[in-house]
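Colleague: Could you walk me through this fold, and tell me how you back up each label you use?

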Amino acid sequence: MEQPAHLALYEHELCGFCQMVRRSTRDIHLEVESRNILREPGRREELIEGGGKGMVPCLRIEYPGGRVEWLYESADIIDYLKRLDAGQS
């Protein structure tokens, strides 16, 4: 699995699915930047511009070289992070 250079989670505290993803990140050993779309309105614009939807949670995955992927759906995000963490062990 290709290792990302940076991970950013677009989320907000009122979203139950976001809370579920955030809880799962406590058990892994990866740094994931939080980008709160309610407290920082510009983050929502970034999300729509980059990922195409304003839906949260969304994981922005930036790879070395600048390629970016946007991963929606909490279960997919959790699965990706767990696989990534396992690959680093």
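Modeller: Happy to! Please keep in mind that this is a predicted model.

Colleague: How do you know that the span of helix α3 agrees with its number of residues?

Modeller: The expected span is 1.5 Å times one less than the number of residues. Helix α3 has 15 residues, 74-88, and should therefore span 21 Å; its end C-alpha atoms are 21 Å apart, which agrees.

Colleague: Which residues of α3 are buried?

Modeller: Ser74, Ile77, Ile78, Tyr80, Leu81, Leu84 and Asp85 are. They cover an arc of only 160° around the axis, so they lie on the same side of α3. On the other side, Ala75, Ala86 and Gly87 are exposed.

Colleague: What covers those buried residues of α3?

Modeller: The cover includes β1 (6-11), α1 (16-25), β3 (58-62) and β4 (68-72). Helix α3 lies across β1, β3 and β4, at about 125° to β4.

Colleague: What is the strand order in the sheet?

Modeller: This open sheet of four strands reads β2-β1-β3-β4, and its pairing is mixed. Strands β2 (33-36) and β4 each have a single partner strand, so they stand at the edges, and one side of each is left without a neighbour in the sheet.

Colleague: What makes β1 and β2 a pair?

Modeller: Pairing needs at least two bridges. Between β1 and β2 there are four, in the parallel sense. Glu11, for instance, stands opposite Asn36 in β2. Helix α1 packs on the sheet, where it touches β1 and β2, and its direction makes about 150° with that of β1.

Colleague: And which residues have the most contacts inside the largest nonpolar core?

Modeller: Leu7, Leu59, Tyr80 and Leu81 do, in a core of 14 residues. β1, β3 and α3 each give two or more residues to this core, and α3 has the largest share, with five. Tyr80 touches residues well away in sequence, including Met1, Pro4, Leu7 and Leu59. Apart from this core lies another, of eight residues, among them Tyr10, Cys15, Val56 and Tyr72.

Colleague: Why would such residues gather at all?

Modeller: In soluble globular proteins, nonpolar side chains tend to be buried together.

How values were computed
Residues numbered from 1 in each chain as written. Predicted model: local features only at pLDDT ≥ 70, side-chain atom pairs only at ≥ 80, totals over all residues. Heavy atoms only, no water. Buried < 20%, exposed > 50% of the residue type's maximum accessible area, 1.4 Å probe, protein only. Arc of directions from axis to C-beta. Contact = heavy atoms within 4.5 Å. Axes fitted to C-alpha atoms, helices over the stretch in contact; angles between N-to-C directions. Core = buried A, V, L, I, M, F, W, Y, C linked by side-chain atoms within 4.5 Å. Lists of a residue's contacts leave out its neighbours within four places in sequence.
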